[in-house]
Amino acid sequence: MKTAENIHLIEIEQSRPGFNHFFGSWVCQGEYNILIDTGPASSSLNLITSLTDLGLKSLDYVLLTHIHIDHCGGLSKVLEHFPEAKVICHEKGIKHLADPSNLWKGSLKVLGEIAEAYGKPQPVDVKRLIPHTLFTMKRLNILETPGHAVHHLSFSYDNRLFPGEAAGNFFIIDGLEYMRPATPPKFIFNVCMKSVEKLLTLENQPVFYVHCGSAPNSHVMLNRFRDQLILWKEIITNELAKGKEKILERSIAALFEHDPNLAPFNSFTPQTQSRELFFITNSIKGFTDYLNSGTYK
Ligand SMILES: [Zn+2]
């Protein structure tokens with residue numbers, strides 16, 4: 001799908017029901033050919049086929065927003081296919097890409113069978129990896145934006161914002177705009193908010209989300225996400241005040257009632273609803289753990 005003169009979304013086809021139109025990699029073609037995130041290991045060949053279909057003969061850089069297996073799992077296959085490509089990633093993520101065994105163990109624990117469907121990431125040659133602190137390129141701004149993950153980066157390249165999951169998830173499904181936080185444990189509200197505010201200090205620019213969506217105006221979208229985080233905190237705090245019993249179920253019901261960003265959920269297919277319910281529940285757990293912890297007063 002062509003979205004602008006030299007930026008393309010590659011939707012990475014998935015075999016798991018409900019997970020299609022969920023993974024995308026953005027490709028910028030021009031002075032440098034750049035890929036943002038690779039999707040999971042299990043679909044890396046689909047990604048490479050789509051890149052080839054696009055006519056991409058060489059790749060200069062892969063920019064990784066964060067080291068979760070659904071964003072970097074396909075990296076080793078992409079690097080095999082494009083032997084000249086280098087990877088820019090958070091300096092603290094390098095060891096997990098070179099030896100993904102702990103990353104894999106952690107993913108199985110948090111995601112269970114979804115991790116199995118994403119596939120086990122393979123090790124990457126450390127010589128291909130450049131820590132974000134040592135890399136500069138004209139028109140590229142690398143920002144540390146912890147929150148969704150501790151070692152999370154956002155990129156502004158050529159006045160286009162790639163916020164990873166620091167700006168939440170945003171999809172347009174059948175013309176309806178759907179936005180939700182991606183705040184699994186361990187979530188710290190203020191850290192996440194600071195990252196959103198950091199992105200708001202950038203000039204207004206188009207925004208390209210890691211899970212397929214895009215929008216023309218980063219300031220509008222970041223403010224909308226900021227308001228959503230505040231609303232979720234308020235709603236989940238209210239539900240917690242009523243007691244801990246069935247807190248997840250009650251929070252889900254209250255969020256669906258009060259957050260207009262979730263309204264399109266009702267028109268999703270049952271498989272997409274079940275995927276989204278899994279991630280919404282995980283995001284609520286991030287909030288309840290945070291609100292129950294001693295760090296919150
Ligand atoms: Zn992630």
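Which residues in H7 meet which residues in H8? Please bear in mind that this is a predicted model. On the H7 side, Phe189, Cys192, Met193, Val196, Glu197, Leu199 and Leu200 take part. Their partners in H8 are His219, Leu222, Asn223, Phe225, Arg226, Leu229, Ile230 and Lys233. By class, this contact has 10 nonpolar, two polar and three charged residues.

Now the geometry of the pair. The axes of H7, residues 189-200, and H8, residues 218-241, come within 9 Å and cross at roughly 165°. H7 is therefore roughly antiparallel to H8. The crossing is left-handed.

I turn next to the metal site. The zinc ion is coordinated by NE2 of His66, ND1 of His68 and NE2 of His148, at 2.1 to 2.2 Å. Along the chain, these donors follow the spacing H-x1-H-x79-H. His66 lies in the loop between strand E5 and helix H2, and His148 in the loop between strands E8 and E9; the pair, 82 residues apart, thus links distant parts of the chain. Both His66 and His148 are buried.

Finally, some backbone details. Pro185 and Lys186 are joined by a cis peptide bond, with omega about 0°. Lys186 sits in the loop between strand E12 and H7. Two residues other than glycine have positive phi: Asp158, near 55°, and Lys246, at about 50°. Asp158 belongs to the loop between E9 and strand E10, and with 30% relative accessibility it counts as partly exposed. Lys246 is in the loop between H8 and helix H9; at a relative accessible area of 55%, Lys246 is exposed.

Technical notes:
Residues numbered from 1 in each chain as written. Predicted model: local features only at pLDDT ≥ 70, side-chain atom pairs only at ≥ 80, totals over all residues. Heavy atoms only, no water. Axes fitted to C-alpha atoms, helices over the stretch in contact; angles between N-to-C directions. Helix = DSSP H or I, 4+ residues; strand = E, 2+ residues; numbered from the N terminus. Parallel < 35°, antiparallel > 145°, perpendicular 65-115°, else oblique. Left-handed = near helix turned anticlockwise from the far one by under 90°. Contact = heavy atoms within 4.5 Å. Nonpolar A, V, L, I, M, F, W, Y, C, P; charged D, E, K, R; others polar. Donors = N, O, S within 2.8 Å, 3.2 Å for Na, K, Ca; no water. Buried < 20%, exposed > 50% of the residue type's maximum accessible area, 1.4 Å probe, protein only.
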